[in-house]
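Keep the sequence and the model open while reading.

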Amino acid sequence: MPDSFRPVALEHASRLINHGPTVLVTSAAGARRNLMAAAWSMPVEFTPPRIAVVIDKHTFTRELVAASGAFGVCIPGQSLAGLTYAVGSTSGRELDKFARHGLVTRPGPVLGVPLLEAGCAAWLECRLIPERHAEDAYDTCFAEVVAAAADARIFVDGRWDFRDDNTELQTIHHLGAGKFVRAGGVLHARAA
Ligand SMILES: Cc1cc2nc3c(=O)[nH]c(=O)nc-3n(C[C@H](O)[C@H](O)[C@H](O)COP(=O)(O)O)c2cc1C
């Protein structure tokens, strides 16, 4: 883990994707590994923390996730917008996207899922919840978060801390056709 990454308590893991960042779904099975972009993910349960991610059943990622029962959700900062678009526009069936883009991964602490940290603000390591009746019907995958970590330069005391000096790590949100908006413009609301 780079010096700046710190474990995130599982009770705070949902906060990492609560605001709807576009994420990188990482996976591996046997000798194959892969990553793809996903704009659709959300927390769905508090304890244990569970999330839902839409992983199109035609993707190579889905094949690896079904085979391994696990995946990673890595949260790219704005410097990885180009990479995010690229890995969301090509399939890992034809090439190893990690090698193609020179990406270095670390194994997740619980399941060994390949996780990306350089350029990312955080990651969640997830165990797939098998939904046998839904396997062929739905693209949505449910999973339990078994470990999480975030860069302490932008996630502090269990909360995002977007500031002028950490815009590179601020999360990105897909508007379509490769256009993203970076999170920021923080508003402090008062419950009036
Ligand atoms: C910004 C962006 C967001 C995407 N979001 C999703 C998503 O939420 N769910 C999904 O199934 N595919 C999504 N895709 C498409 C997949 O990333 C794409 O099908 C990818 O090529 C699958 O790769 P694979 O076959 O190597 O798994 C998105 C693509 C982009 C560029």
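Proline 107 lies in strand β7 (residues 105-107); helices (H or I, at least four residues) and strands (E, at least two) are DSSP runs, numbered from the N terminus. Because its relative accessibility is 53%, proline 107 counts as exposed. On this scale buried means under 20% relative accessible area, exposed over 50%, and partly exposed in between, with a 1.4 Å probe and protein chains only.

Not counting residues up to four places away in sequence, proline 107 touches Gly112, Val113 and Leu115, where contact means heavy atoms within 4.5 Å. From glutamate 45, proline 107 is 62 residues away in sequence and 25 Å away in space, C-alpha to C-alpha.

## Basis of the values

The model is predicted, so local features need pLDDT of at least 70 and side-chain atom pairs count only at pLDDT 80 or more, while totals for chains, interfaces and linings use all residues. Residues are numbered from 1 along each chain as its sequence is written, and side-chain values use heavy atoms, with hydrogens and water left out.

## Strand β10 and its partners

Of the 12 residues of β10 (140-151), 9 are buried, so this strand is largely enclosed by the rest of the structure. Two strands pair if DSSP finds at least two bridges between them. β9 (120-128) and β10 pair in the antiparallel sense over 7 bridges, and glutamate 125 has alanine 147 in β10 as its bridge partner.

β5 (50-54) is also antiparallel to β10, with 5 bridges; here arginine 50 is bridged to glutamate 144 in β10. Strand β1 (residues 5-7) runs antiparallel to β10 and is joined to it by 3 bridges, with phenylalanine 5 bridged to aspartate 151 in β10.

## Nonpolar cores

A nonpolar core is a set of buried Ala, Val, Leu, Ile, Met, Phe, Trp, Tyr and Cys residues joined through side-chain atoms within 4.5 Å. The largest one has 31 residues, of which Leu16, Phe71, Val73, Leu124 and Trp160 touch the most other members. The elements that give two or more residues to this core are β2, β3, β5, β6, β9 and β10. Apart from it lies another core, of 17 residues, including Leu24, Leu80, Leu83 and Cys120.

Phenylalanine 71 has contacts with Val25, Thr26, Val53, Val65, Val113, Leu124, Glu125, Cys126, Leu128 and Ala143, again leaving out residues up to four places away in sequence.

## Helix α1

Helix α1 covers residues 60-68, and Phe60, Thr61, Arg62, Leu64 and Val65 are buried in it. These buried residues pack against β2 (23-29), β3 (32-38), β6 (70-76), β9 and β10. Just after α1, glycine 69 takes a positive phi of about 70°.

## A hairpin and a surface patch

Strands β13 (residues 172-176) and β14 (residues 179-182) pair in the antiparallel sense over 4 bridges. Histidine 174 has phenylalanine 180 in β14 as its bridge partner. The hairpin of β13 and β14 has 2 residues between the strands, and alanine 177 takes a positive phi near 50° there.

Met42, Val44 and Phe142 make a nonpolar surface patch of about 240 Å². Accessible areas come from the Shrake-Rupley method with a 1.4 Å probe, and for residues only the protein chains shown count as cover. Valine 44 is in strand β4 (residues 41-45) and counts as partly exposed because its relative accessibility is 35%.

Definitions and conventions. Patch = residues over 30% accessible without salt bridge, like charges linked within 9 Å, V, L, I, M, F, W, Y side chains within 5 Å. Salt bridge = Lys/Arg side-chain N within 4 Å of Asp/Glu carboxyl O.
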